[in-house]
Amino acid sequence: MQSNAVLETKKISKTYSGIRVLHDIDFSLMPGEVHALVGENGAGKSTLIKIIAGVEAPDDGGELYFQGKRIPHMTAAKSIHLGISVIYQDVSLFPNLSIAENICKGLYHDAFVNWKKINGKAKEILDEMGVQMDVQQKLREISIGKRQLVAIARAITFESKVIVMDEPTAALSSSEVEMLYNIIRTLRGKGVAIVYISHKLDEIFTVADRITVLRDGERIETAPVSEFDQTKLINMMVGRELRFVPMHNHGDTGEVLFEVRGLTQEPAFRDISFACRRGEIVGLTGLVGAGRSELAQAIFGLTHPQSGEMLLQGAPLKVKDANDAIRKGVCYLPEDRRSQGLFQGHSMTRNITAVTLGKQLKRGLINAGLELKTAEKYIREISIRPNLPHINVESLSGGNQQKALIARWLNADPKLLIVDEPTSGVDVGAKLEIHKLLRSLAEQGVCVILISSDLSEVFALSDRILVMRQGRIVNEVAVGEATQEGILQKGLLG
Ligand SMILES: Nc1ncnc2c1ncn2[C@@H]1O[C@H](COP(=O)(O)OP(=O)(O)OP(=O)(O)O)[C@@H](O)[C@H]1O
Ligand SMILES: [Mg+2]
């Protein structure tokens with residue numbers, strides 16, 4: 001045993017309903033190190049974290065040590081008391097409380113709430129982190145990215161010795177990611193140990209000191225970051241070689257299928273005009289807050305723009321609400337899967353077939369056989385794991401939940417499909433599969449609008465790129481003539 005490890009697991013295993021998702025995991029965490037935990041969707045990363053945090057109990061036989069001391073029965077309360085903070089994939093804070101309350105809740109034991117103290121402390125911590133926020137604002141009013149930063153502020157306030165970040169950057173803008181890197185460096189300097197989970201390999205190589213690779217619940221390797229390069233890391237994660245090829249449209253695109261003219265919805269966006277052709281994938285990029293998601297929501301009928309018009313196949317398109325949009329062939333994969341997409345408490349199958357149940361009707365009844373067949377098709381095509389159609393969707397790993405949602409829209413026969421950060425939280429192999437699916441959908445005549453902050457994704461997939469800034473389209477580039485740097489200079493920054 002490494003004696004100075006702050007945290008150590010020995011032979012930790014976990015079985016869910018007879019399926020072993022972690023096998024004999026030995027994992028150690030040193031003070032002041034950033035230890036990246038990587039692996040495909042469903043590899044067991046979050047499960048290991050939940051065990052460390054005392055949220056899930058491991059199978060008998062494993063051991064957990066904190067600062068050299070065996071903790072026989074870790075509980076959530078114990079782990080918080082020891083100074084272990086976990087920032088989960090789906091942030092679990094209190095939306096109706098202010099930022100300051102979220103940061104300080106449980107810190108003071110005054111008889112009356114001392115707002116001055118709470119607000120002052122929260123501000124002090126955020127200042128230290130280099131983050132500007134109005135601490136009296138309610139948490140529900142700020143972006144998911146900012147909530148992540150609030151969760152980190154909370155961990156710092158409680159002087160955590162171990163901070164676990166489970167895909168912390170999934171919803172962060174690029175400037176917020178830089179902020180996070182700085183915060184991590186400061187924490188590391190203070191001796192805090194950080195577990196960093198991410199599917200974005202460039203982040204791993206930027207922040208990590210050591211990497212542990214999990215595959216199918218087994219630990220494949222633990223080594224200093226200098227012993228890896230991207231290819232080696234990917235091959236270890238997936239256990240096979242992946243080939244990356246750009247997937248642009250090779251043939252001609254068809255007629256204009258969808259058009260937007262002068263669409264305005266103050267203050268989110270104004271005077272938006274563009275057209276997309278059949279078979280085309282149009283990338284829509286820009287900083288978080290540029291108005292991309294708001295535009296998508298307006299097209300999908302979730303909000304109603306003040307002026308402007310939309311046309312589908314040459315005819316005016318008016319959408320009352322989301323159901324109306326789906327009926328007319330306009331589909332939207334939202335960015336925030338937890339609150340906008342998943343039907344919680346339902347099976348993976350029902351989540352996949354939910355909007356197309358009409359197709360599965362047989363004399364007015366749901367045809368369970370057909371429903372199952374549909375789900376199985378997508379489980380196979382985009383490798384949703386585990387291969388259990390009836391599993392509750394909440395038992396799926398984060399990336400596999402995302403895949404189930406994508407399957408839902410692939411199955412809805414869209415004419416126009418808008419995907420908002422479609423591969424957020426999805427592993428490298430599945431990302432490639434999703435790209436292939438979107439491309440094949442385009443080849444079948446669908447028009448795809450791809451919203452993504454991941455420029456390499458936009459470049460790999462789009463035929464044309466629109467750049468949005470502050471609610472306007474400021475640039476349009478054909479992929480052949482664009483470079484990532486060019487896009488950054490022209491549109492995103494400044
Ligand atoms: N409550 C549960 N019941 C049944 N199975 C579960 C439960 N929680 C997790 N699993 C299964 O355990 C496996 C590991 O899941 P886990 O969430 O740890 O993966 P992960 O590595 O974090 O993946 P991702 O990158 O997608 O977040 C998956 O197959 C998942 O479906
Ligand atoms: Mg996970």
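Reader: What makes the order of the open sheet of 6 strands?

Author: In this predicted model, the open sheet runs β6-β7-β8-β3-β9-β10, and its pairing is mixed. From one strand to the next the twist averages 15°.

Reader: Why are β6 and β10 said to stand at the edges?

Author: β6 (84–87) and β10 (218–224) each have a single partner strand, so one side of each is left without a neighbour in the sheet.

Reader: How do you know that β9 and β10 pair?

Author: Two strands pair if there are at least two bridges between them. Strand β9 (residues 210–215) and β10 have 6 bridges, in the antiparallel sense, so by that cut-off they pair. One of the links joins threonine 212 to its bridge partner in β10, threonine 222.

Reader: Which helix packs on the sheet, touching β3, β9 and β10?

Author: That is helix α8 (residues 230–238), whose direction makes about 30° with that of β9. Helix α6 (residues 174–189) lies across β3 (34–38), β7 (162–166) and β8 (193–197), and runs at about 145° to β8.

Reader: Why does serine 143 count as partly exposed?

Author: A residue is buried with 20 or more other C-beta atoms within 10 Å of its own, and exposed with 12 or fewer. Serine 143 has 15 such neighbours, which falls in between, so it counts as partly exposed.

Reader: Where does serine 143 lie?

Author: Serine 143 is in the loop between α4 (115–129) and α5 (144–157). Leucine 172 is 29 residues from serine 143 in sequence, and their C-alpha atoms are 8.8 Å apart in space.

Reader: How is the protein chain divided?

Author: There are domain 1 (7–238), domain 2 (256–329 + 414–492) and domain 3 (349–407). The C-alpha centres of domain 1 and domain 3 lie 31 Å apart. Across that pair, 6 residues of domain 1 are in contact with 6 residues of domain 3. On the domain 1 side, the touching residues divide into 1 nonpolar, 4 polar and 1 charged.

Reader: Why is ligand 1 placed between domain 1 and domain 3?

Author: Both domains give residues to the shell around ligand 1, so the ligand lies between them.

Reader: What makes up the shell around ligand 1?

Author: By class, the shell has 5 nonpolar, 12 polar and 3 charged residues. In total 20 residues surround ligand 1, and the closest are Asn41, Ser46, Thr47, Ser397 and Gly399. Helices α1 (45–52) and α14 (398–410) each supply at least two residues of the shell.

Technical notes:
Residues numbered from 1 in each chain as written. Chains lettered and ligands numbered in written order. Predicted model: local features only at pLDDT ≥ 70, side-chain atom pairs only at ≥ 80, totals over all residues. Near = placed C-beta within 6 Å. Helix = DSSP H or I, 4+ residues; strand = E, 2+ residues; numbered from the N terminus. Nonpolar A, V, L, I, M, F, W, Y, C, P; charged D, E, K, R; others polar. Domains from an automatic or database assignment. Axes fitted to C-alpha atoms, helices over the stretch in contact; angles between N-to-C directions. Contact = placed C-beta atoms within 7 Å.
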